[in-house]
2 protein chains.
Amino acid sequence: LTVQQNSAAVVGSAALQRFTVLGAGAFGTTYAKVLADAGRDVVLWARRESVTADINSTRRNRTYLDDVLLPDRVRATSELEQALVGAQAVVLAVPSQTMRENLAVFRDVMPTGVPVVSLAKGVEIGTGLRMSEVIGTVGHVPAEQVVVLTGPNFAAEIAAEQPTATVLACVEHDTAVAVQLACGTGYFRPYTITDVIGAEIAGTAKNIIAVATGIAEGLGFGLNTAASLITRGLNEMTRLGVELGAEAPTFAGLAGLGDTVATCSSPLSRNRRLGVELGRGLSLDDALEATGALTEGVVSCRSTRDLAHRHGIDMPITEAVYQVCYRHAGPEQMIRSLMDRPPTPE
Amino acid sequence: LTVQQNSAAVVGSAALQRFTVLGAGAFGTTYAKVLADAGRDVVLWARRESVTADINSTRRNRTYLDDVLLPDRVRATSELEQALVGAQAVVLAVPSQTMRENLAVFRDVMPTGVPVVSLAKGVEIGTGLRMSEVIGTVGHVPAEQVVVLTGPNFAAEIAAEQPTATVLACVEHDTAVAVQLACGTGYFRPYTITDVIGAEIAGTAKNIIAVATGIAEGLGFGLNTAASLITRGLNEMTRLGVELGAEAPTFAGLAGLGDTVATCSSPLSRNRRLGVELGRGLSLDDALEATGALTEGVVSCRSTRDLAHRHGIDMPITEAVYQVCYRHAGPEQMIRSLMDRPPTPE
């Protein structure tokens, strides 16, 4: 494998070989395994020494990804500087909502001029910044080096080596290709795109649609309703994305359609489960308590609605989810509001 | 409700009021209920007098749609000519594979100049003609009057009044709008498009993708794989459709994405169930025996593959399903062939 060298953003003339993954949660650990299975040398950093000691001694990350045997090419450490020595690419595998504080530490020790792959999705609460924007402004990483990994990617399924397609988005195509060539395996097939905005808008908006399909399920509705919500949901997120500079095909691809279908279908999706509780008539507070944690769709529907209003984009599903979450609209009312609109072309 | 009158294809100056539905299977009966709930007067024709007598005396079609009470506005008859007296629109609700022989009878008694709504999907075996083409050539109905109804529409869910979005496709937009205004209800929301080719190609190709996702399921794979197959499947059917004159957005809409997601998600889908048996290692003959009937995806993958070859379109999922069905390729081999292709942009 050789990497095309049309861009200064890609380091060296050989394929990327030494990766450092920062964050050893389920997805970070899984992606470390993918990279190792693709033949790369991987250092996996975790803050907690108990986690890295476990990985190095048992070849398992029993805290976050039990049952998965990690290849020998994955070496764990909790020494950040040491983890990054010789890294030809860095993978950011920390949660979206702690990305900023982590970057404030990482940026002083991260090598410059190397691809930085972000596994974090969504937007930052408060600022509304997309993850790649946070990485650029806080982490001081030029956009040409920031690669966003997204798509229908449940960590547990990838770790079990189930066939998975993914998307690597970077404004500089050569950077995405370099990472693509470094991480493709028999079970993990990455595609490249240059539409970072689209990838990130889709990664945020899909959670709203998952809440909406959950609400419909909680009301007792079946596949006609779910499929209609997914389709019309992708339609409205595409309209918003295009207005913000994204490309429509991104939403018809793995980052849009693929991730949305997977998220809306998964019994494990927290967003969908929250929707089910709302559909059964629980208030937002009670539904959040029942699902047990911060649920992105609840945050996203508010910020996405604001964005849509500012840009004059009609997003009826986002609006309906917002009304159920924050304005005590009944869930049946949400469905009714979607069905009672005037007849239109598709 | 008034109908815009820009087209000679639309009859009269008032909304369409008198519909005749030809065929009282589950979907024909369900659509008769939808029309009646929308305020239309409906005559439902079935060949068998036992079926129509049952409907008229019990308000139920216990042969095909048990448990659903039909509105009084639905009147059933097995007298074909009588059924069509005064019809302002005709609905063809007979199976795709008997459409030709039925039309040879219907065409002599069908009123001329009225919208003809087709509930039949797919292509005719042998000729490879799309249903609208069969209706045109055999039924002598001008294309401007043929409206294809499609989308994520399981009859049982519509009959249970679950919120459903649907597509009405007609080359003459005013005809589609006339039908749209006549059949929208609180639970049934029709959108109009003019891309009949796209609607029909999607309606055929989605069954191939459902077989493919079934195969993956039979192999024990989860949502990453299913979502990837759905996404890449829509991608390849879009490329074929556009080559044949369809419009790409149709495939991102209810007729493409919506119907594909619903079909691939449904435990009731015969195509998906057949795929599951193939994925478990059964031969095509044994899998067909296990699922019990003609399965469209098996026919479609052959005809669609031919079409793709003739037009030089690469359709890897269709090819893989064909190889499993007709060339004794192992299902794992199918997945491997999809994953081992050279890295590309999306």
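## The largest cavity

α9(A) provides the largest share of the lining of the largest cavity, 6 residues; helices (H or I, at least four residues) and strands (E, at least two) are DSSP runs, numbered from the N terminus. The model is predicted: local features need pLDDT of at least 70 and side-chain atom pairs count only at pLDDT 80 or more, while totals for chains, interfaces and linings use all residues. Residues are numbered from 1 along each chain as its sequence is written, chains are lettered from A in the order in which they are written, and side-chain values use heavy atoms, without hydrogens and water.

A cavity is a set of points, on a 1 Å grid over the protein atoms alone, where a 1.4 Å probe fits but cannot get out, and its lining residues have an atom within 4 Å of a point. The structure holds 3 cavities of 30 Å³ or more. At least two lining residues come from each of α9 (223–243), α15 (316–326) and α16 (331–339) of chain A and from each of β7 and β8 of chain B. By class, this lining has 9 nonpolar, 3 polar and 5 charged residues; Ala, Val, Leu, Ile, Met, Phe, Trp, Tyr, Cys and Pro count as nonpolar, Asp, Glu, Lys and Arg as charged, and the others, Gly among them, as polar.

## The second largest cavity

The second largest cavity has a volume of about 80 Å³. Among the residues that line it are B:Gln97, B:Thr204, B:Asn207, B:Glu296 and B:Ser300. The lining comprises 4 nonpolar, 5 polar and 1 charged residues.

## The interface

Chain B and chain A each bring 53 residues to the contact (heavy atoms within 4.5 Å). The area buried between chain B and chain A is about 4,200 Å², with 59% from carbon and sulfur atoms; buried area is the accessible area (1.4 Å probe) that two parts lose on being put together, summed over both. B:Arg189, B:Asn224 and B:Met339 supply 18% of the area that chain B buries against chain A, more than any other three residues.

Technical notes:
On a 1 Å grid over the protein atoms alone, a cavity is a set of points where a 1.4 Å probe fits but cannot get out, and a pocket is an open set with protein on both sides within 12 Å along at least five of seven lines; lining residues have an atom within 4 Å of a point. Grid points are joined across faces, edges and corners, and a volume is the space filled by probe spheres set on the points.
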